[in-house]
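Biologist: I should like to go through this model step by step. May we begin once it is displayed?

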Amino acid sequence: TVAVLRGHRARQLEERMMMGPAWVDDAHGPLVFAQPDGAGVNPEALSRRFQRLARASQLPPVDVHGLRHSYATAALRAGVSPEVLSKRLGHADVAITLSIYAHVRPGDDAHAAELAAAAILGSG
């Protein structure tokens, strides 16, 4: 991911140099995803384009926000800790992450019971 983003940034810097004074600087700093002149991308236009690309790729219906949920679900299933995921998603508190994605970890209850049983049996 880092390599792809670095390549993207290098291409953006080339575009900026080609645009010269016509380049549009965002008040908050450089945008990761911008139009060729540096201006912000219209969110609705981006969503429509994503929908077209998803359909053309024969993916199940999903919107851009759905990608965030897909990522979070996959990360939890892969064993990423809720604390780390919470930070990556930008949640203010891990409780937010757990309230949204707790259903993703259905085996946690059984695993917790096994750990507690092992601790009790091991100590007796």
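Biologist: Which residue just after helix 3 takes a positive phi, and of about what value?

Modeller: This is a predicted model, and local features are reported where pLDDT is at least 70. Helix 3 covers residues 64-77. Just after helix 3, the residue with a positive phi is G79, at about 100°.

Biologist: What distance should the 14 residues of helix 3 span, and how far apart are its end C-alpha atoms?

Modeller: The expected span is 1.5 Å times one less than the number of residues. For the 14 residues of helix 3, this gives 20 Å, which agrees with the separation of the end C-alpha atoms, 20 Å.

Biologist: Against which helices do the buried residues of helix 3 pack?

Modeller: Buried residues have under 20% relative accessible area. In helix 3 they are G66, A72, T73, A75 and L76. These residues pack against helix 4 (82-89) and helix 5 (94-101).

Biologist: Is Q58 buried or exposed?

Modeller: Q58 lies in the loop between helix 2 (43-56) and helix 3. Its phi is near 60°, a positive value in a residue other than glycine. A residue counts as exposed over 50% relative accessible area. With a relative accessible area of 73%, Q58 is exposed.

Definitions and conventions: Residues numbered from 1 in each chain as written. Predicted model: local features only at pLDDT ≥ 70, side-chain atom pairs only at ≥ 80, totals over all residues. Heavy atoms only, no water. Helix = DSSP H or I, 4+ residues; strand = E, 2+ residues; numbered from the N terminus. Buried < 20%, exposed > 50% of the residue type's maximum accessible area, 1.4 Å probe, protein only. Contact = heavy atoms within 4.5 Å.
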